[in-house]
Amino acid sequence: MSKLLEAKNVDNKGIILIKIIMGIDDDGYVRAKRLFQFLGIEESKYSKWCKKYIENNVLASRNNEFISLDLNDGSPSSGQTEYKLTIKLARLICSRTNTERSERAENYLSIIEEKLSRRRLGYYRNGKEKIVF
C-alpha cells in the first residue's frame, strides 16, 4: 500500500491527501477502487465489498448511481470490474463502512456534493467555472 494511503492524521494536508487519493473526475464520479483503498480495507475483500455496497445495494442502480467499467485486458488474471460512483453513493458507502477513515471521506464528499449542486443551480458563472475538487 502506498505511503499516501498509510497517513493517519488528516489536517490541511490531509484534505489534499484525500483529493489525490479519491481522484474525483470532472463529472463528479469517484472510482470505487480508489475509495476502497482510501478507506483502508484489506485488499482481498474488494470483490465482496463491491457486491455488498455497489452491486447488491438496493439504494443504487446501475447507470444511475454507478457505472460499471470492464477492465479486462485479455489476460486470464484480469477481468476485474471497476465502478464509477456518484458522490451521493460514495457518501452512502462511507456512512455504512466502519473504518478509521470513513467519516473523513464522508465529510470531504459532502463538500464536493455541495459544490456540484451549486454548479448545477448556476451559482458559478454560467456553469463554466472549473470546480476544483
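**Figure 1. Contacts and elements across the chain.** Of the contacts (heavy atoms within 4.5 Å) in the chain between residues at least 6 apart in sequence, 52% join residues at least 24 apart. The model is predicted: local features need pLDDT of at least 70, side-chain atom pairs count only at pLDDT 80 or more, and totals for chains, interfaces and linings use all residues. Residues are numbered from 1 along each chain as its sequence is written, and side-chain values use heavy atoms, with hydrogens and water left out. The chain has 6 helices and 3 strands, in the order α-α-β-α-α-β-β-α-α from the N terminus. Helices (H or I, at least four residues) and strands (E, at least two) are DSSP runs, numbered from the N terminus. Of the 133 residues in the chain, 35% are buried; buried means under 20% relative accessible area, exposed over 50%, and partly exposed in between (1.4 Å probe, protein chains only). The accessible surface comes to about 8500 Å², with 47% belonging to carbon and sulfur atoms (Shrake-Rupley method, 1.4 Å probe; for residues, only the protein chains shown count as cover).

Figure 2. Rings of Phe, Tyr and Trp (its six-membered ring) pair if their centres lie within 6.5 Å; planes under 30 degrees apart count as stacked, over 60 as edge-to-face and the rest as tilted. The count by this rule is 5 aromatic pairs. Tyr 46 and Trp 49 are stacked, because their ring centres are 6.2 Å apart and their planes stand at 25°. Tyr 46 is buried at 3% relative accessibility, and Trp 49 is buried at 5%. Trp 49 also forms a tilted pair with Tyr 53, at 5.9 Å centre to centre and 50° between the planes. Trp 49 and Tyr 53 are 4 residues apart in H4, again about one helical turn. Ring pairs join Phe 36, Tyr 46, Trp 49 and Tyr 53 in a cluster.

**Figure 3. Charges over the rings of Tyr 46 and Phe 38.** A charge sits over a ring if NZ of Lys or CZ of Arg is within 6 Å of the ring centre and within 35 degrees of the ring normal. Lys 33 lies over the face of Tyr 46, 4.1 Å from the ring centre. Over the face of Phe 38 lies Arg 101, at 5.7 Å from the ring centre.

**Figure 4. Helix H3 (residues 32-39).** H3 is largely enclosed by the rest of the structure, because 6 of its 8 residues are buried. These are Ala 32, Lys 33, Leu 35, Phe 36, Phe 38 and Leu 39.

Figure 5. Tyr 46, Trp 49, Cys 50, Tyr 53 and Ile 54 are the buried residues of H4. The buried residues of H4 pack against H3, strand E2 (66-70), strand E3 (81-86) and helix H5 (87-96).

**Figure 6. The largest nonpolar core.** A nonpolar core is a set of buried Ala, Val, Leu, Ile, Met, Phe, Trp, Tyr and Cys residues joined through side-chain atoms within 4.5 Å. Among the 29 residues of the largest one, Leu 35, Trp 49, Ile 54, Leu 85 and Leu 109 touch the most other members. Helix H2 (12-22), H3, H4, E3, H5 and helix H6 (102-120) each give two or more residues to this core.
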